[in-house]
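Dear colleague,

Please find below the sequence and the structure that I am handing over to you. My notes on what was found follow directly after them.

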Amino acid sequence: MEDSARSSHGTGRLVYLDYQAAKPVDPRVVEAMLPYFTERFANPASLHTMGDEAAEALERARRSIAAFVNARPEEIIFTSGATESNNLALIGYALRNRKKGNHIVISEMEHISIHNLAKYLEKNGFEVSRVPLDLFGRVDPGKLRSRIRDDTILVSIGVASNEIGTLQPIREIGEILQGKGIAFHTDAVAAEGLLPLDVERNHIDLMSLSSNDIYGPRGVGALYVRKGIPLTPLMIGGGQENGLRSGTENLAGIVGMARAAELMTEEMESEVLRLRALRDRLIEGVLQTVPKSFLNGHPTERLASNVHFRFTGIEGESLVLLLRDEGIQAATGSACSSKTLEPSRTLIACGLLHEEAHGSLELTLGRFTTPEDVDAALEAIPRAVQRLRRLSPLYKEEAPV
């Protein structure tokens with residue numbers, strides 16, 4: 001990873017600051033996975049000795065993921081990733097519980113997969129209410145409470161914004177929903193490995209997880225389903241995963257996800273402290289050296305890995321391309337919605353104007369980010385912003401006093 005992320009690029013090296021979009025697989029995870037491609041490849045459903053060994057590996061992995069979120073092993077369902085987990089949680093719960101009600105609540109902060117699921121459910125007879133955000137991208141629990149109705153069956157609020165990094169009051173929301181017969185789902189992907197995920201403490205009924213977001217392989221995820229929460233399966237077949245997700249399990253990937261979760265748990269405390277120091281240095285450096293620069297998201301209640309700026313008078317995509325020429329790999333927002341030219345839904349919900357939202361830059365740090373990477377970004381960003389502003393007919397520098 002370190003070699004590929006820092007190979008030569010023109011006159012400099014590549015600096016990868018887009019960890020929210022994709023993470024490398026940790027070499028220790030690869031090592032744990034390798035035997036399951038060649039030596040321990042059997043189907044966990046097979047009745048022979050090798051099948052028994054595969055089944056035991058599957059259940060060990062399930063126990064590891066359960067421990068990662070303080071759940072019971074039988075409450076973990078393995079999927080192909082967080083998007084499938086979100087589908088199973090929202091569509092599966094909505095269809096199974098339609099007789100109880102047809103109203104669902106989400107927030108304007110949610111990942112695009114949740115927003116698109118909400119649109120799908122609306123087209124299929126459900127009603128969806130969307131909770132607005134404050135200026136920092138945070139959900140007001142009181143405003144959420146005001147949107148709960150007698151026919152509300154499900155609330156889905158993410159642990160943190162995958163885009164601007166703002167943490168949400170998940171525990172308070174879980175307490176609001178207690179005893180109301182409303183299921184609480186959270187997409188925890190953005191926060192995995194950056195803060196403890198405890199389904200009991202936060203009164204969560206359904207939680208979506210991703211392997212790659214904890215330095216595991218892509219194509220693997222999990223859904224926590226609290227015992228007694230009924231879902232309609234979306235994948236019909238041989239009845240694997242308690243009948244909720246048919247298909248032969250991706251054993252090598254699942255073993256990798258479990259090892260990644262174990263490493264995250266062991267190293268979380270020290271890693272968060274390290275990332276927070278790098279994050280704060282990057283924020284302070286840019287805000288001090290670039291005029292008319294602003295931090296998006298909450299100043300303190302944010303992910304340790306997330307930095308999200310906006311710059312007056314420039315366009316975010318142009319800045320990302322200019323930084324690319326200097327070897328800095330960055331983003332304007334969620335990679336899952338980067339193909340649209342629309343401004344960030346989250347930033348607009350925070351009250352920004354379209355032109356303000358378009359001038360944003362997202363930098364996300366990770367396990368292999370170094371102080372030298374931050375130095376390189378602090379050198380490149382002011383220079384790139386200044387160059388774009390010189391070319392912009394819309395930006396005028398203030399005359400010196």
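This is a predicted model: local features need pLDDT of at least 70, side-chain atom pairs count only at pLDDT 80 or more; totals for chains, interfaces and linings use all residues.

A cavity is here a set of points, on a 1 Å grid over the protein atoms alone, where a 1.4 Å probe fits but cannot get out; lining residues have an atom within 4 Å of a point. Grid points are joined across faces, edges and corners, and a volume is the space filled by probe spheres set on the points. Residues are numbered from 1 along each chain as its sequence is written, and side-chain values use heavy atoms, with hydrogens and water left out.

Cavities

Two cavities of 30 Å³ or more are present in the structure. The volume of the largest cavity is about 130 Å³. Its lining consists of 17 residues, and those nearest the centre are Lys23, Glu192, Leu194, Tyr215 and Ser305. By class, the lining residues of the largest cavity comprise eight nonpolar, five polar and four charged; for this count Ala, Val, Leu, Ile, Met, Phe, Trp, Tyr, Cys and Pro are nonpolar, Asp, Glu, Lys and Arg are charged, and the others, Gly among them, are polar. Helix α9 (residues 251-289) contributes most to this lining, with three residues. Helices (H or I, at least four residues) and strands (E, at least two) are DSSP runs, numbered from the N terminus.

The structure holds four aromatic pairs. One of them joins Tyr16 and Tyr19: their ring centres are 5.1 Å apart and their planes stand at 70°, so this pair is edge-to-face. Rings of Phe, Tyr and Trp (its six-membered ring) pair if their centres lie within 6.5 Å; planes under 30 degrees apart count as stacked, over 60 as edge-to-face and the rest as tilted.

Tyr19 is buried, at a relative accessible area of 2%, whereas Tyr16 is partly exposed at 21%. The classes are buried (under 20% relative accessible area), exposed (over 50%) and partly exposed (in between), with a 1.4 Å probe and protein chains only.

Two charges sit over the ring of Tyr215. The charged end of Lys23 is 5.9 Å from the ring centre, and Arg367 lies over the face of the ring at 4.2 Å from its centre. The criterion is that NZ of Lys or CZ of Arg is within 6 Å of the ring centre and within 35 degrees of the ring normal.

Helix α5

Helix α5 (residues 82-96) has 15 residues and spans 20 Å from its first C-alpha to its last, close to the 21 Å expected at 1.5 Å a residue. The expected span is 1.5 Å times one less than the number of residues. Of the 15 residues of α5, 11 are buried, so the helix is largely enclosed by the rest of the structure. Among the buried residues are Glu84, Asn86, Leu88, Ile91 and Tyr93.

Most residues other than glycine have a negative phi.

Contacts across the chain

Val286, in helix α9, is buried with a relative accessible area of 0%. Its C-alpha lies 7.5 Å from that of Ile381, 95 residues apart in sequence. Pro141 belongs to helix α7 (residues 141-146) and is buried at 10%; the C-alpha atoms of Pro141 and Glu172, 31 residues apart along the chain, are 7.0 Å apart. Phe37, in helix α3 (residues 35-38), is exposed at 52%, and its C-alpha is separated by 9.6 Å from that of Gly253, 216 residues apart along the chain.

With kind regards

Notes: On a 1 Å grid over the protein atoms alone, a cavity is a set of points where a 1.4 Å probe fits but cannot get out, and a pocket is an open set with protein on both sides within 12 Å along at least five of seven lines; lining residues have an atom within 4 Å of a point.
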